[in-house]
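The sequence and the structure are shown first.

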Amino acid sequence: MGDIAKGALGGTWSLLVGWVLPTALNLAILTTNLLPSLRKLPPFQHAASLAQGRGALAFLTASLMLGLVLNALQNPLYRILEGYLLWPSVAYEYGCRRHQSIRRGLSDRLLLMRLERRAVDADLAAVDRADLTLLRRSAHLARYRNLDQRSTATRRALLQERLARYPVGDGHLAPTRLGNAIRRFEVYAYDRYQLDSQLLWNELTATAPEQARRQVDTARTSVDFFVCLLYGHLAVLLAVAVTQGQQ
């Protein structure tokens, strides 16, 4: 019974922090700054009359209900930000080409820094010397040349971290940074262990230690928070445009 209650509480915490809290923040912005202008519109005028005298209760109820709705719609909301849903083919292909270029640039910068360090410490093989010459003459690396020559181990680690957020193969690239980061861990298990983690996710989480499951839930809750906050900000911007159009 205690395990059931703990599991329910954990799910409730993820729901509250990931979806209800950012919804409440956006509603607070909306009601504080735009409600006087929105009262002139029929739907908001009716909602304001219903909430008359019960402001706090109406605010909490609206935050909870909208948070539950957004939580139920999280799959399409994520797919839009990943670039899989509602994206025109032209924009999708452009985004994939752009991130392919970014990933190639990060890889070439790291390779150039690695070859230059090896060239100082020891003689390079003929193939490595040819690669080093080509990279030094590369036009797309020229603007990073001075910066990378003064690069520290910390900066190289940060570049490696950025590169690690991309999937290995070009066929797995997505048109957005979020989509590429998610695709990276979706295909990592298959690239490394020939294991379909998407199909066996429930089995993997069932056998994982409690600390590992808690870390996954915490990371997912943080991403949910900012995804919900982003869509709420878009709704606030839309409300601003509506009020400006009414004036």
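**Overall architecture**

The structure is a predicted model. Its protein chain has 12 helices and 0 strands, so that the order of elements from the N terminus reads α-α-α-α-α-α-α-α-α-α-α-α. Of the 247 residues in the protein chain, 28% are buried. Among contacts with a separation of 6 or more, 69% join residues 24 or more positions apart. A search of the whole structure finds 0 disulfides.

**Nonpolar cores**

The largest nonpolar core has 9 residues in all, namely L15, W19, V20, L77, Y78, I182, V227, C228 and Y231. At least two residues of this core come from each of helix 1 (2-33), helix 5 (74-82) and helix 12 (210-246). A second, separate core comprises 7 residues, among them L106, L110, L163 and Y166.

Leaving aside its neighbours within four places in sequence, C228 is in contact with G18, W19, P22, T23, N26 and L70. One of these partners, T23, is found in helix 1. With neighbours within four places in sequence again left aside, T23 is in contact with S63, L66, G67, L70 and C228.

**Packing of helix 6 and helix 9**

Helix 6 and helix 9 (residues 153-164) pack with their axes 9 Å apart, at an angle of about 145°. Their crossing is left-handed. On the helix 6 side, the contact is made by I102, R103, L106, S107, R109, L110, M113 and R117. Helix 9 contributes R155, R156, L159, Q160, R162 and L163 to the contact. L106, L110 and L163 take part in this contact and are also included in the second core.

**Helix 7**

Which residues of helix 7 (residues 126-136) are buried? They are D128, L132 and L135. Viewed down the axis of helix 7, the buried residues fall within an arc of 65°, and therefore they line one face of the helix. The face turned away from the buried side of helix 7 carries the exposed residues A126, V127 and L134. Helix 6 (89-121) is included in what covers the buried residues of helix 7.

D128 lies in helix 7. Leaving aside its neighbours within four places in sequence, D128 is in contact with L115 and R118.

**Selected buried residues**

| Residue | Relative accessible area | Class |
|---|---|---|
| C96 | 14% | buried |
| C228 | 1% | buried |
| T23 | 6% | buried |
| D128 | 18% | buried |

Residues count as buried when their relative accessible area is under 20%. D128 is classed as buried because its relative accessibility is 18%, and T23 is classed as buried because its value is 6%. C96 is buried, with a relative accessible area of 14%.

Key:
Residues numbered from 1 in each chain as written. Predicted model: local features only at pLDDT ≥ 70, side-chain atom pairs only at ≥ 80, totals over all residues. Heavy atoms only, no water. Disulfide = S-S within 2.5 Å. Buried < 20%, exposed > 50% of the residue type's maximum accessible area, 1.4 Å probe, protein only. Helix = DSSP H or I, 4+ residues; strand = E, 2+ residues; numbered from the N terminus. Arc of directions from axis to C-beta. Contact = heavy atoms within 4.5 Å. Core = buried A, V, L, I, M, F, W, Y, C linked by side-chain atoms within 4.5 Å. Axes fitted to C-alpha atoms, helices over the stretch in contact; angles between N-to-C directions. Left-handed = near helix turned anticlockwise from the far one by under 90°.
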